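Subject: Model for your review

Hello,

Have a look at the structure before reading on.

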Amino acid sequence: MTKIGLEIHCQLTKLESKLFCSCKANYRENKPNSNVCPICMGLPGTLPRLNKKAVEKATLIAMALNCSTPEKIAFFRKNYFYPDLPKNFQITQLNIYGDTSVGGTGEIMVGDKKIRITRIQLEEDPGRLIYEGSSSKNQITLVDYNRAGTPLVEIVTEPDFENPKQVREFLKILSDLLENLNVSDPSLEGAMRADANVSIEGGNKVEIKNINSFHDLEKAVHFEITRQESLYSRDIPIALETRHWDDQRKITISSRSKEEDLDYRYFLEGDIPWVRIGKDIQEKLKSEMPESIMSKKERYVTKYNIPEQVADVLSSDKYYSDLFDKSNDEQNAKEIANIITTDLMGLVDTREKREQSKLTSSHLRDLADSIQSEKLTRNSAKNALYEIVKSGKDLSEIISQLDLGNVSDENELLQIIQQVLSEEPQAAEEAKSNPQTINFLVGKVMQKTKGKADPKLTLELFKKKLG
Amino acid sequence: MNLKISALEYVEQVKNGNISAEDFVSATIDRIKNVDDKLHAFLQVNSKAVEQAAQVDKKVKSGEKVGSCFGMPISIKDNICIKHSKTTCASKMLENFVAPYDATVISKLKEQDAVFIGKANLDEFAMGLTTEFSAYGPSRNPWNTDYVPGGSSGGSAVSVSAFECVASLGSDTGGSVRNPASFCSTVGYKPTYGLISRYGLISYANSIEQIGPITRTVKDTAFMLNILSGLDSHDNTTIDNENVDYLSGIEAGIEGKKIGIIQEMIGEGIDHTVLSATNDAVSKLEGLGAICEPISIDMVKYSVASYYTITATEAGSNLARYDNLRYGYDFPVEGFEFNSYISKARTKFGPEVIRRMILGGFVPSSGHAGKYFLKSLKVKSKLTREVTEAFKKYDFLVAPTVPILPFKIGEKIDDPVALFQVDINTVMSNLTGVPSISVPYAISNGLPIGIQLLAKQNDDKSLLQAAHALETTVNLPEVPI
Amino acid sequence: MIKLVTEEEIEQVAKFMKIDVHDHKEYVEKVHDMIDFFDILDSAGVEDEEVTMTDLPLSKLREDKHIPFEDKLIEKLKNYKEHYVRAPKMV
């Protein structure tokens, strides 16, 4: 049986400051080494100043993943030399003196598969390396420490996944959950990274490191299973080893350096006392926790009678569910859900588009109301939505500007109907006995009015006319 | 100019206009010029000290608000960062390191108008108890320059003892303030863990060390503590002392107090003159109305091994950052591979530091942690319980600060294990976090002996009262330099 | 007395701690003596002892606020074109 375990590193991108100092947590778009201070540069004499909110947010993640949360958490030093580590040790968490990481064991359902979570820990991100020089003689490494000290939550699972599909589903659930908790923006470059371990029946466990996005994680796992199966089928033993994900070539490569003395000499970080997160604080955190995706979905189905599939889409995306919850007033809930899931999704499917969008919840409310009161056809509403997202103008302004208002003047409509009947004599005849053909004729009227004809009124007038 | 005055006397005299800070600091600089060739207390003398003192005088004259130090010249152990000045840890590795920020204790002293007269010598990275391991040469004991001044804050103790400053800041990881204070006949204080912020103190063994003042009198220590102590948001391990005034009521005395004499600290290996000084001190304490009884603390036997295991482990990690990439000395990276570069760069460490790095790699390693490191942590826990128990019965504990007299430079430098044993009386208060103080008590054959008093955690104020009481019973000769 | 710790082991540790040690003998002997001294820990009888540490309430931790460092720190450190820190090549 194939076994896959994951170690997921997720940056707490919604924080203002780093884990142990007051430099910016969002290091992106800064000149190299401009977002640094004596603490995150590991200068002699500096001490870590633990970020309270980082502990709270990490605890929330643990709670949301149904993990146990201890009343005291501790930090440890993981000692190894690397140029991206300013102190040549990383401050992280472990459970060697009882459960002292932000999250202990837990489990989460992925479809009908139960995935066990081993632990959740809070730690600091290292800096970044840039390799320079072409010949081996002039090669050097440049280091940018802007990222060093960014708060990182590591989620470690048991090897409970059986195939890449389960991995993908888990990652979807996880990124939705992180976004819903408002702790992290999974779409930011480098915000989500992972290591995986993969073994197939009869083979050794292989670690894959350096996977820099969720997208690649699924690919890497898939590649590795295929590679191992191919070895197995040719009776070549699968080595117990660490491999790296090459994100250019999308393959795993055996790590050249033997993970020699991987003895991290973990010990307690004396500069950070154990932090008490008593039951009272935990309860308070829980009460402030955003509504879970599951509970949102349930609410949408039972309260608004929204179909399950639609509720699923709405609830799992925080952007949509926030819009929905803000704009609906029960009466128009179904219509709004409909607008979001059929028309809006194509307009704001990326982070950039969402940031540029001028749409507000009151726009949505106006749109839904106009459809319900038959001032706008669905078709016109779709055109209006496109304009709103682009310009942010009021719906009424857009209706007059684009002349989207319904044609509901009986005389005007009768004229157009007359025109259609004379153009389509055969259909007109047929329509007297076949209601399907009336729809065809209504469609013709729609064409002539660019979708603005009031469909109900048009149908009625046809019926009268054809007697 | 009389330089042989206490900090409190200095403050009084400048406040009253009897002396000027500028004259005093200038005379201090002259004194350093005269004696420091012999003593080598300083690695660096502040060339702007006189100018800074003159600024304070201006404030005094103009009636402006003046900080409580009134331009007092203070020496600072060279492992505490002063912004824009070199902080070397007496190591070649940090020969050119200029701190870009002030340690919290430095900010506090600046606010109180102290003048930093210079950076004091130490054993490299504070690892040692003789100051012989300074990469820039040893300091010498002003009582007899053939002898070690103790360490690692040797330069600090020498500078106070030889009137090269009024007070000093040292750091105490296992006795590094109290040991040289004892060897140089000054007061040395190791506060309750967390009482003084460590921000800006270059770590050696961060879980047990503290910055501590070295002064001429116990009252001076209380004065310094008033300035230095308290919560600091830059150091998560600091504790709230609710702004206790350590000077007020310092003359309360010790009548009716119970004092335990730690038997493990006056047993095998103790110098007989140190033992008789200790017995004498005990009778003086009794004369002051205290009740003294012998007490046994079993874990003391294991404390030195535990101490060196823990400190080596933490040092191995704390000193890992010295890879010469971000700061350090000139040594180009081209043509090297990472591991070979830093292994070469780090040979600038001196031999004692290298030994402890090797130890620090060994004792917590996966094959050996159970036998050495974990066991040491457990000894620390049990020792802490035993000491807590002892303080349920006794207000204070007493022992000689060091079981032997100062020894000659070079005498023990090649025998690390013999040096270990010298620490047996001081490491306990570091491992358990309790405060302790060394009070100058006697001179034997021209060499000083200090008596150590300990109190329970956060009882620093009472400890100073007891130390002051003991101090009043002593009348010592002047340093012969 | 049987030496529990081999010289190879100590040399290995020196390498692991990233210090080129030239005169192995000098270090090996002294470090050996130190480690032998630690054997006394075996008789301390502390197996059942728990490892403890002080703690502090969550509320005492630093608030999440961005405060940039006052100076351009990189200019005060070893730097390359005032931006990067240079390190040797990685293998």
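**Helix α15 of chain A**

Helix α15 (residues 435-448) of chain A has 14 residues and spans 21 Å between its first and last C-alpha, close to the 20 Å expected at 1.5 Å a residue. As with everything below, this comes from a predicted model.

An α-helix has 3.6 residues a turn, so residues three or four places apart point the same way.

**Helix α2 of chain C**

In chain C, helix α2 (residues 24-38) has 15 residues and reaches 21 Å from first C-alpha to last, close to the expected 21 Å at 1.5 Å a residue. Its buried residues include C:Tyr27, C:Val28, C:Lys30 and C:Val31; C:Met34, C:Ile35 and C:Phe38 are buried as well. The buried residues of α2(C) pack against α1 (7-16) of chain C and, in chain B, against α9, α11 and α13 (416-422).

**α9 and α11 of chain B**

Two of those chain B helices also meet each other. The axes of α9 (residues 300-318) and α11 (residues 351-362) of chain B come within 7 Å and cross at roughly 100°. Angles from 65 to 115 degrees count as roughly perpendicular, and α9(B) and α11(B) are therefore roughly perpendicular to each other. On the α9(B) side the contact is made by B:Ala312, B:Thr313, B:Ala315 and B:Gly316; α11(B) contributes B:Arg356, B:Met357, B:Leu359, B:Gly360 and B:Gly361. By class, the residues of this contact are four nonpolar, four polar and one charged.

**Chain B against chain A**

Between these chains, 36 residues of chain B are in contact with 26 residues of chain A. Which helices of chain B each supply at least two residues of the side that touches chain A? They are α9 and α10 (338-345). The most comes from α9(B), with three residues. The side of chain B that touches chain A divides into 17 nonpolar, 12 polar and seven charged residues.

Regards

How values were computed: Residues numbered from 1 in each chain as written. Chains lettered and ligands numbered in written order. Predicted model: local features only at pLDDT ≥ 70, side-chain atom pairs only at ≥ 80, totals over all residues. Axes fitted to C-alpha atoms, helices over the stretch in contact; angles between N-to-C directions. Helix = DSSP H or I, 4+ residues; strand = E, 2+ residues; numbered from the N terminus. Parallel < 35°, antiparallel > 145°, perpendicular 65-115°, else oblique. Contact = placed C-beta atoms within 7 Å. Nonpolar A, V, L, I, M, F, W, Y, C, P; charged D, E, K, R; others polar. Expected span 1.5 Å × (residues − 1). Buried ≥ 20, exposed ≤ 12 C-beta atoms within 10 Å, placed from the backbone.
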